[in-house]
Amino acid sequence: MNRRFFISGTTLAATGFLLPGRLALPSSVVSSGDVVANGGSLYEIFMDPGLRYRPFVRWWWNGNKVEAAELVRELRLLREAGIGGVEINPVQFPSRSEGDDLGKPSLHWLSREWIDMLSVVFGEAKSLGMTCDLIVGSGWPYGAEYLEEGEQSQTVVITARKVSGSHRLTVSRDELMMEAEPAVSSPWEGRKSELLSLYLVPDPVTSPEQIIDLSDKAGSEYIDILIPGGDHFLYALVKYTGFMAVINGSPGASGPVLDHFNAPAVRRYLTRMSDTIEAQTGPLSQHIRSLFTDSMELEGANWSDDMRSEFISRRGYDIFPFLPFALFRTGAMGNVTDFNYGAGRGAEFTEMVCRMRYDFETVKAELLLERFLKTFSGWCSELGVRSRMQAYGRGFHPLESSFAVDIPEGESWTMNWLKHRIGEEMPESDYRRGRAYTMINKYVSSAAHLAGKRLISCEEMTDTYSVFNTSLENLKTGSDQSIITGVTHSVFHGFNYSPPEAPYPGWIRYGCYYNENNNWWPHFHLLNEYKGRLSAVLQNTEMFADIAILPPLGDMWSLIGVQTEPFPAVTHVEYFTLIWEAICKNGSSCDYVSEKVICESLVEEGYLIYGSRRYRTLFLVQVESVQPETARKMAEFIEGGGRIFCIETFPSKSPGWKDHEAHDSEVRMSIERMITYPDRFIMLKKPENDFIDWYRTVQEQHLIDSYLRFESPGPFLMQTRYQSEDGTEFIFVINSHLHAGHRTMVTFSPEITTGRHGWIWDPETGNRYRIGLSKEGTINLDIGPAESLLFVFDRERRGPEWEPLPVSGPGIIEVSDGWSAVFRHCHDDSKAEVLIDRLNDLKEMPEFVHFSGTVIYRNTFTVEKKMRAIINLGKVYGTSDLRINGISCGVKWYGRRIFAPEEYLKKGINTIEITVTTSMGNYMKSLTDNPIAQYWTNEKNKIQPLQSMGLLGPVSIYER
């Protein structure tokens, strides 16, 4: 056995745990799913997964201009396309369609008429076997026109005006408040401001004693100040109440955003919603699976009426006099616009402020957890429904916040396909480029694993950019990447309520144009069946991880504050996400953990144990500060046989201000204990580049076990491992490159293979095939573009052998010329028959560059003898449907377009017909008089290049 990569240890214990002091989870959340409940085998569920495993859609009720008949029609349309459920999501009517609303009235949120429409949907969904979720409020974050001032969100912000003395300055209080006004992306016109404090500060400031407190003048309309000699800054701390409006709220749930730090206000808001609906529908538990909270884009909300007193009671000192220095100058979404705003600062003053900033961020996160998250999840529990939430954003702990909800949710983005070139590049210089998943997904899934939850949702392939250019292949590739991050269920973003009579192309708020008018809609069910089968496996198994990663959150919160997840404006450690990716690409799996998780873990036999999670190895990614309790637990882990790898630095101090000298000393003492174990407490230097090769070297040098090994790893080749209670092992492997295949030898460890037989389970068809491994557990793998493979190791012995279709072979017949094509347009159904002779990209053909619809390519070829023939269509942009001699050979909608039509071939002349559905973006660019088409393809930051379309080939026939 090669100790450099084979795993020692045992399989994971069954999930389901309850630890003292932790959130008690509903039994439904930690259940094993259908396998245990119904006594069936997991393969039986995989073959025919229930609708709850199929993707759901976010169903935008545009402007609440909804009618019963159309709601029923759209539900049935979605069910026929293989969608398993809907998230009912009332939203503001899209402004680009305001003149085309067909005169439909907007129903008021929570009105009797609006709830009548809920009842229609609840009844129809039940008859169709579909699931309903319901968003809380409308738009995001939630609020309403009726909120009283004391219920509205608050923020405290700063302005710093440079002044030089010596002279007397008179300044207007209103001017200062206008200077401080937060530049939010969704301001509310009813906002109110109040000047809280005023300070005169020398530039630079080196000590708190140099600060002159002028706050007693804050109540005056005009403020007279004597400026001493030298350079100074006049700091003003201003509170804004009702500063933000709901983003895209529909009537009845727009207006100011709710104060999420105010538990009674949160409770009143939630109870008003549930009481009003249930008075008309009866218990919501009879109609919906969950209540959903969308993006926590609080735009920098950081205050509530009792924030100051809460801070004092929790941290033992008053931060208020120092708050102007702990805060940054901010803009939209609360993002920092200037980290060097205001007076320069000495080193000791900077250190003090950073420690206080950490404390302020921590108190905000605690209050959001206690007052908002737990109030929301408790309300859901009382109603008998699940809580589903994107529990992240500025102010929230990116990992621990997801503990509080039943169905934690992350997100992936389709915009990455064109803007960030998903499937075409995977650079180390930018954590976004080439990745559909956002950096928050790993936090969310890790929290779910730690809390014993298997249903991990994803706002899948969020699209505010490439609406008409997103293909089924893009959707598959991006959502495959989401699975690698730990996601087990997709909610597509999203399906627009749009009646057929709405002007073309319909009402569009956002989304990948999930609409029956999309060219690929007839094939959409293929993607949903594929994803349903995978989700059936993932939700009935547990993701394996024996490596934990501690992010440098304490340092980040101290230096730059909590960032807006999942797209932080700045990152503290730019390479941070490359660590988990490198671990994944080298055959292992990992979770993120927090200091709280580490402190509450047990140490047994060299493992750090939290619930069902067991970690042999802990990575600290450039972590400089930890709490003394964390350092002591890490020392216990080291002394108990565990290993810790510290990248770039050992921790050397604690975060926070009060008693920090004593706490720093405690941390250093624990570090000194660990340093005495140099083989288990190890410093690593980060590489300049190639983190995949760097981690492989670390594996080999330090004998870090892995459960599989790619002989030739690559940036697009990723994997994840799951285990079932009966000992079955599942390994999901993807190649997310859209154009290039990947060849490598794969070796599975004895931990995976011993006593088990290898299989490929095909998520497209539900079939399974035996694979042959060498004695060493190896198999040669040629994984095509956008392809994925589900390897399964169980005790089943018999079944058909896996015979992947070869990319090339002997006796090649190339069909290179003589092609004709029939172009049928998607919009007007016009038809054109053309002799094109040789295949070419439609965007390179002037007469078809703006075409959209289906193209039927026809030709003939001659077969001299009967053979086990393979037909390879070469490069295709769009879905491809092959017919040989008039007989369908199936549809290929991603990756290699290779078919095995031998039973349909005949000796002599054969006809070949290939129907390709194209994308729609090029056509939309040509509709210069259509504001919707132009907005999504040809305006401002959404200007998109012409896309490749059609059959490019070469089309070839060869022997298997």
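Q: Why are α7 and α9 called roughly perpendicular to each other?
A: Helix α7 (residues 307-315) and α9 pack at an angle of about 105 degrees, with their axes 10 Å apart. Roughly perpendicular covers 65 to 115 degrees; under 35 counts as roughly parallel, over 145 as roughly antiparallel, and the rest as oblique. The pair is therefore roughly perpendicular. Axes are lines fitted to C-alpha atoms, for helices over the stretch in contact, and angles run from 0 to 180 degrees between N-to-C directions.

Q: What kind of model is this?
A: This is a predicted model, in which local features need pLDDT of at least 70 and side-chain atom pairs count only at pLDDT 80 or more, while totals for chains, interfaces and linings use all residues. Residues are numbered from 1 along each chain as its sequence is written, and side-chain values use heavy atoms, with hydrogens and water left out.

Q: Which residues make the contact of α7 with α9?
A: From α7 come M307, E310, F311, R314 and R315. From α9 come D359, F360, T362, V363, K364, E366, L367, E370 and R371. Contact here means heavy atoms within 4.5 Å.

Q: How do the residues of that contact divide by class?
A: Eight are charged, five nonpolar and one polar. Asp, Glu, Lys and Arg count as charged; Ala, Val, Leu, Ile, Met, Phe, Trp, Tyr, Cys and Pro as nonpolar; the others, Gly among them, as polar.

Q: Why are α6 and α9 called roughly parallel?
A: Helix α6 (residues 263-281) packs on helix α9 (residues 347-383) at about 25 degrees. Their axes lie 9 Å apart. That angle falls in the roughly parallel class, so the two helices are described that way. In handedness, α6 passes α9 in a right-handed crossing.

Q: What makes the contact between α6 and α9?
A: On the α6 side it is A263, V266, R267, L270, T271, M273, S274 and E278. On the α9 side it is R371, F372, T375, F376, W379, E382 and L383. By class, eight are nonpolar, four charged and three polar.

Q: What makes β15 and β29 edge strands?
A: They belong to an open sheet of six strands in the order β15-β25-β26-β31-β28-β29, with antiparallel pairing. β15 (542-543) and β29 (768-770) each pair on one side only. Two strands pair if DSSP finds at least two bridges between them.

Q: How do you know that β28 and β29 pair?
A: Three bridges link strand β28 (residues 757-761) to β29, in the antiparallel sense. W759 has R770 of β29 as its bridge partner.

Q: Where does helix α11 lie?
A: Helix α11 (residues 472-485) lies across β25 (717-723), β26 (729-735) and β31 (788-794). It runs at about 140 degrees to β26.

Q: What makes strand β33 mostly covered?
A: Five of the seven residues of β33 (819-825) are buried. Buried means under 20% relative accessible area, exposed over 50%, and partly exposed in between (1.4 Å probe, protein chains only).

Q: Which strands do bridges join to β33?
A: Six bridges join β33 to strand β34 (residues 831-837), running antiparallel. Six bridges also join β33 to strand β35 (residues 853-863), again antiparallel. A821 is partnered by V834 in β34, and R824 by T854 in β35. β33 and β34 form a hairpin with five residues between them. In the turn, D829 has a positive phi of about 65 degrees.

Q: What makes β24 and β30 edge strands?
A: The open sheet here has three strands in the order β24-β27-β30, with antiparallel pairing. β24 (708-710) and β30 (778-783) each pair on one side only. Six bridges join β27 (742-748) to β30. M745 stands opposite N780 in β30.

Q: Why is E803 called partly exposed?
A: The relative accessible area of E803 is 48%, so this residue is partly exposed. E803 lies in the loop between β31 and β32 (813-815). Not counting residues up to four places away in sequence, E803 touches R868 and R960.

Q: How do you know that W694 is buried?
A: W694 has a relative accessible area of 12%, so it counts as buried. W694 lies in helix α18 (residues 691-702). Beyond residues up to four places away in sequence, W694 touches I579, I647, L684, K685, K686 and P687. The C-alpha atoms of W694 and A582 are 8.2 Å apart, although 112 residues separate them along the chain.

Terms used:
Helix = DSSP H or I, 4+ residues; strand = E, 2+ residues; numbered from the N terminus. Left-handed = near helix turned anticlockwise from the far one by under 90°.
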